[in-house]
Amino acid sequence: MYHRRRALLTACLLLVPAAVSADDRICRGAIGAVQIDDNVRVPSGARCRLTGTTVKGNVLVANTGRVVLTGGRVDGNIQGGRASAVTIKAGASLGGDLQVQRGAKTVVADSAVGGNIQLERFSGPTSIRQTLV
(Lines give C-alpha, C1' and ligand atoms only; values in the text may rest on other atoms or scores of the structure.)
Protein backbone atom coordinates (compact mmCIF):
# COMPACT_ATOMS: atom_id res chain seq x y z
CA MET A 1 0.00 0.00 0.00
CA TYR A 2 2.84 2.44 0.90
CA HIS A 3 4.61 1.85 -2.42
CA ARG A 4 1.37 2.39 -4.36
CA ARG A 5 0.78 5.77 -2.67
CA ARG A 6 4.38 6.78 -3.26
CA ALA A 7 4.13 5.86 -6.96
CA LEU A 8 0.87 7.82 -7.28
CA LEU A 9 2.41 10.87 -5.57
CA THR A 10 5.46 10.67 -7.82
CA ALA A 11 3.26 10.45 -10.92
CA CYS A 12 1.22 13.47 -9.80
CA LEU A 13 4.35 15.52 -9.16
CA LEU A 14 5.62 14.76 -12.65
CA LEU A 15 2.38 16.12 -14.14
CA VAL A 16 2.59 19.45 -12.31
CA PRO A 17 4.78 21.96 -14.17
CA ALA A 18 7.62 23.45 -12.18
CA ALA A 19 7.07 27.04 -11.10
CA VAL A 20 9.27 29.48 -12.95
CA SER A 21 10.50 32.32 -10.82
CA ALA A 22 12.72 35.10 -12.08
CA ASP A 23 15.10 36.64 -9.62
CA ASP A 24 15.01 40.41 -9.52
CA ARG A 25 18.34 42.22 -9.72
CA ILE A 26 19.07 44.20 -6.57
CA CYS A 27 20.80 47.52 -7.22
CA ARG A 28 22.94 49.23 -4.60
CA GLY A 29 25.44 51.42 -6.41
CA ALA A 30 25.83 51.40 -10.18
CA ILE A 31 24.99 49.19 -13.13
CA GLY A 32 26.50 50.03 -16.51
CA ALA A 33 25.65 49.27 -20.13
CA VAL A 34 24.27 45.74 -19.76
CA GLN A 35 20.89 44.12 -20.40
CA ILE A 36 18.87 42.89 -17.42
CA ASP A 37 16.07 40.51 -18.37
CA ASP A 38 14.22 40.86 -15.05
CA ASN A 39 13.12 43.63 -12.71
CA VAL A 40 15.57 45.87 -10.90
CA ARG A 41 14.85 46.52 -7.22
CA VAL A 42 16.32 49.45 -5.32
CA PRO A 43 16.12 48.59 -1.61
CA SER A 44 15.10 50.98 1.11
CA GLY A 45 17.73 53.68 1.57
CA ALA A 46 19.86 52.50 -1.37
CA ARG A 47 21.14 54.57 -4.31
CA CYS A 48 21.14 53.08 -7.79
CA ARG A 49 22.66 54.52 -10.98
CA LEU A 50 21.63 52.86 -14.24
CA THR A 51 23.87 54.24 -16.97
CA GLY A 52 23.20 52.94 -20.47
CA THR A 53 21.41 49.97 -18.89
CA THR A 54 18.57 48.11 -20.62
CA VAL A 55 15.99 46.71 -18.19
CA LYS A 56 13.44 44.34 -19.75
CA GLY A 57 11.20 44.45 -16.68
CA ASN A 58 10.32 47.16 -14.16
CA VAL A 59 12.41 49.31 -11.83
CA LEU A 60 10.98 49.20 -8.31
CA VAL A 61 12.25 51.80 -5.84
CA ALA A 62 11.60 51.15 -2.14
CA ASN A 63 11.04 53.63 0.68
CA THR A 64 13.82 56.29 0.75
CA GLY A 65 15.56 54.67 -2.24
CA ARG A 66 17.04 56.70 -5.11
CA VAL A 67 17.40 55.80 -8.77
CA VAL A 68 19.00 57.65 -11.70
CA LEU A 69 18.45 56.33 -15.24
CA THR A 70 20.90 57.98 -17.63
CA GLY A 71 20.73 57.19 -21.34
CA GLY A 72 19.34 53.72 -20.77
CA ARG A 73 16.04 51.98 -21.38
CA VAL A 74 13.39 50.42 -19.15
CA ASP A 75 10.80 48.43 -21.10
CA GLY A 76 8.35 48.30 -18.18
CA ASN A 77 7.47 50.82 -15.47
CA ILE A 78 9.43 52.74 -12.89
CA GLN A 79 7.54 52.58 -9.59
CA GLY A 80 8.45 54.23 -6.32
CA GLY A 81 6.64 54.42 -3.03
CA ARG A 82 8.13 57.15 -0.80
CA ALA A 83 11.26 57.19 -2.94
CA SER A 84 13.77 59.89 -2.07
CA ALA A 85 14.52 60.62 -5.73
CA VAL A 86 13.70 59.32 -9.18
CA THR A 87 15.62 60.82 -12.11
CA ILE A 88 15.30 59.95 -15.81
CA LYS A 89 17.65 61.92 -18.06
CA ALA A 90 20.00 62.23 -21.04
CA GLY A 91 18.04 60.40 -23.72
CA ALA A 92 16.73 57.67 -21.43
CA SER A 93 13.62 55.79 -22.54
CA LEU A 94 10.82 54.39 -20.40
CA GLY A 95 8.40 52.06 -22.21
CA GLY A 96 5.72 52.05 -19.52
CA ASP A 97 4.56 54.38 -16.76
CA LEU A 98 6.43 56.46 -14.22
CA GLN A 99 4.51 56.00 -10.96
CA VAL A 100 5.75 57.65 -7.77
CA GLN A 101 3.68 58.11 -4.62
CA ARG A 102 4.71 60.29 -1.70
CA GLY A 103 8.12 60.90 -3.23
CA ALA A 104 10.58 63.59 -2.31
CA LYS A 105 12.00 64.52 -5.74
CA THR A 106 11.38 63.57 -9.38
CA VAL A 107 13.22 64.84 -12.45
CA VAL A 108 12.48 63.77 -16.02
CA ALA A 109 14.63 65.60 -18.59
CA ASP A 110 15.55 65.06 -22.25
CA SER A 111 13.90 61.64 -22.27
CA ALA A 112 10.88 59.68 -23.52
CA VAL A 113 8.09 58.09 -21.48
CA GLY A 114 5.86 55.66 -23.42
CA GLY A 115 3.10 55.53 -20.81
CA ASN A 116 1.78 57.92 -18.20
CA ILE A 117 3.54 60.00 -15.58
CA GLN A 118 1.70 59.58 -12.29
CA LEU A 119 3.00 61.59 -9.34
CA GLU A 120 0.98 61.69 -6.13
CA ARG A 121 1.39 63.55 -2.82
CA PHE A 122 4.89 64.93 -3.28
CA SER A 123 6.92 66.62 -0.58
CA GLY A 124 9.71 67.96 -2.80
CA PRO A 125 10.47 69.44 -6.21
CA THR A 126 9.26 67.95 -9.47
CA SER A 127 10.65 68.83 -12.88
CA ILE A 128 9.55 67.47 -16.27
CA ARG A 129 11.20 69.16 -19.23
CA GLN A 130 12.05 68.39 -22.85
CA THR A 131 10.43 64.98 -22.53
CA LEU A 132 8.19 63.15 -24.98
CA VAL A 133 5.22 61.52 -23.24
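Biologist: Which residue stands opposite Thr87 in β14?

Modeller: Thr87 faces Val107 of β14, and this is one position in a pairing, in a predicted model, where strand β11 (residues 85-89) and β14 run parallel and are joined by three bridges.

Biologist: How many bridges join β14 to strand β17, and which way do the two run, parallel or antiparallel?

Modeller: Four bridges link β14 with β17, which covers residues 126-129, and these strands run parallel; within this pairing, Ala109 stands opposite Arg129 of β17.

Biologist: How should I read the two faces of a strand, and which residues of β14 lie on each side?

Modeller: The general idea is that side chains in a regular strand alternate between the two faces of the sheet. In β14 (residues 106-109), Thr106 and Val108 lie on one side while Val107 and Ala109 lie on the other, and all four are buried, so that both faces are covered, as the cut-off of under 20% relative accessible area defines burial.

Biologist: Is Thr54 buried or exposed?

Modeller: Thr54, which belongs to strand β6 (residues 54-55), counts as buried because its relative accessibility is 15%, and buried means under 20%. Leaving aside residues up to four places away in sequence, Thr54 touches Val34, Gln35, Ile36 and Arg73.

Note on methods
Residues numbered from 1 in each chain as written. Predicted model: local features only at pLDDT ≥ 70, side-chain atom pairs only at ≥ 80, totals over all residues. Heavy atoms only, no water. Buried < 20%, exposed > 50% of the residue type's maximum accessible area, 1.4 Å probe, protein only. Pairing = 2+ DSSP bridges. Contact = heavy atoms within 4.5 Å.
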